[in-house]
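Subject: Structure for you to look at

Dear colleague,

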Amino acid sequence: MPEVPSIHDLDDLREHLQWAIDLELSTLPPYLCALYTLDPERNPEAAAVLRSVAVEEMLHATLVANLLNMVGGRPHLDGSTLRRDYPQPLPHSNGTLQVSLLPFGHEAIELFLSIERPASAEAEPQTDGYATIGQFYAAIMEGLLTLCHELGEAAVFCGDPARQVIQTDFHGGAGHLAAIDSLATALEALDEIVEEGEGMAHHEVWDGDRDIVHPDRNEVAHHYRFLELKLGRRFQPGDTPLSGPTGEAVAVDWDGVIPMRTNPRSTDHPAGSPARIAQLAFDAGYAKVLNLLHQTFDGDPPSLDAAVGAMYRLSPLAVNLLSAPTDDGLPAGPSFATVSD
């Protein structure tokens with residue numbers, strides 16, 4: 001059996017944590033596209049799911065940035081390097097899953113189920129070319145454990161605690177934002193990221209949090225939230241990944257969707273056209289989100305509230321873009337470009 005690549009020093013760990021930030025942010029555009037194309041009056045349950053997942057992806061990026069800062073790294077969110085033309089694979093994955101920007105619908109849900117697919121208990125940690133996100137994070141955890149054993153925790157967690165992001169209000173999502181200052185807190189944060197995506201212990205649908213929309217219920221992980229939408233039924237206590245959801249019905253109106261072209265680009269529209277102007281306005285708003293996140297992660301933690309606010313302000317820009325007239329008759333949509341064409 002070929003040797004599985006591992007994280008072998010602190011610089012290697014920092015590089016992989018930067019990759020993890022890129023990975024978390026790469027999932028935002030497809031989730032937000034599906035959210036923007038929902039009619040919230042006809043699809044309140046689906047809108048709540050997509051909103052919660054998008055917010056938690058920002059939380060995950062923030063937790064990873066806290067870890068990268070605490071191991072002496074410096075997060076970078078340069079718009080030119082984060083720019084992505086869809087379809088494209090998840091960063092540093094094995095490339096088998098191509099991620100597209102799609103309107104809400106059956107195809108989008110199948111894509112999201114694949115993005116959040118749980119790793120099997122037997123899956124090897126994978127530093128690069130991973131099949132599941134869980135494998136990638138397992139490799140980071142393994143690398144942290146090895147480096148702390150070899151170098152000692154003090155040598156690994158050598159960053160400035162003042163760079164930790166510890167307070168903000170992530171409206172619409174669960175999870176916990178916390179400072180990282182030790183191996184224990186680092187592993188706790190990484191566990192939270194994996195569990196919110198694919199469930200606890202490789203065999204549970206629950207992620208360990210309370211449902212932010214229905215606080216009387218335990219929350220299911222991202223993969224299983226999308227499965228609830230696909231199957232139109234909610235998980236209840238006693239359900240497992242094998243049983244599927246057996247609880248109350250979840251109402252999804254598959255026709256309650258605003259049209260959007262697949263994998264939009266600003267170059268789809270002539271310069272000066274209403275769609276191109278609306279597209280570039282959205283691009284500028286998205287670039288502001290990334291710039292504020294960069295500012296937050298690079299030593300100005302209070303800027304996170306502004307970044308979260310900027311993300312919410314993308315919604316009216318998307319509504320304007322989706323309703324803009326186009327020369328070819330195909331509906332426009334957000335491309336999430338961060339450099340104007």
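Let me begin with a pair of helices, H3 and H8, which pack with their axes 10 Å apart and at an angle of about 155 degrees. Please keep in mind throughout that this is a predicted model. Angles over 145 degrees count as roughly antiparallel, and H3 and H8 are therefore roughly antiparallel to each other. As for handedness, the crossing of these two helices, H3 and H8, is left-handed.

Which residues of H3 and H8 meet? On the H3 side they are Glu56, Leu59, His60, Leu63, Val64 and Leu67, and on the H8 side they are Ala186, Ala189, Leu190, Glu192, Ile193 and Glu196. Sorted by class, the residues of this contact between H3 and H8 divide into 8 nonpolar, 1 polar and 3 charged.

A search of the whole structure finds 2 cavities of 30 Å³ or more, and the largest cavity holds about 110 Å³ of space. Its lining is made up of 13 residues, and those closest to the centre of the cavity are Glu24, Glu116, Ile133, Ile193 and Gly197. The helices H3, H6 and H8 each supply at least two residues of the lining of the largest cavity, with the largest share, 4 residues, coming from H8. By class, the lining of this cavity divides into 5 nonpolar, 3 polar and 5 charged residues.

At least two lining residues come from each of helix H3 (44-70), strand S4 (218-220) and helix H9 (222-231), and H3 gives the most to the lining of the largest pocket, with 4 residues. When the lining of the largest pocket is sorted by class, there are 10 nonpolar, 5 polar and 8 charged residues.

The second largest pocket has a volume of about 290 Å³, and of the 17 residues that line it, Gly134, Ala138, Val194, Glu198 and His202 are the closest to its centre. Helix H6 (133-151) and helix H8 (183-198) each supply at least two residues of the lining of the second largest pocket. Its lining has, by class, 8 nonpolar, 5 polar and 4 charged residues.

Where does proline 87 lie? Proline 87 is in the loop between helix H4 (79-82) and strand S1 (88-89), and a cis peptide bond, with omega at about 5 degrees, joins tyrosine 86 to this proline 87. The other detail is asparagine 263, which is not a glycine and yet has a positive phi of about 50 degrees. To find asparagine 263, look in the loop between H9 and helix H10 (274-297).

With best wishes

Key:
Residues numbered from 1 in each chain as written. Predicted model: local features only at pLDDT ≥ 70, side-chain atom pairs only at ≥ 80, totals over all residues. Heavy atoms only, no water. Nonpolar A, V, L, I, M, F, W, Y, C, P; charged D, E, K, R; others polar. 1 Å grid on protein atoms, 1.4 Å probe; cavity = no way out; pocket = protein on both sides within 12 Å on 5 of 7 lines; lining within 4 Å. Points joined across faces, edges and corners; volume = space filled by probe spheres on them. Axes fitted to C-alpha atoms, helices over the stretch in contact; angles between N-to-C directions. Parallel < 35°, antiparallel > 145°, perpendicular 65-115°, else oblique. Left-handed = near helix turned anticlockwise from the far one by under 90°. Contact = heavy atoms within 4.5 Å.
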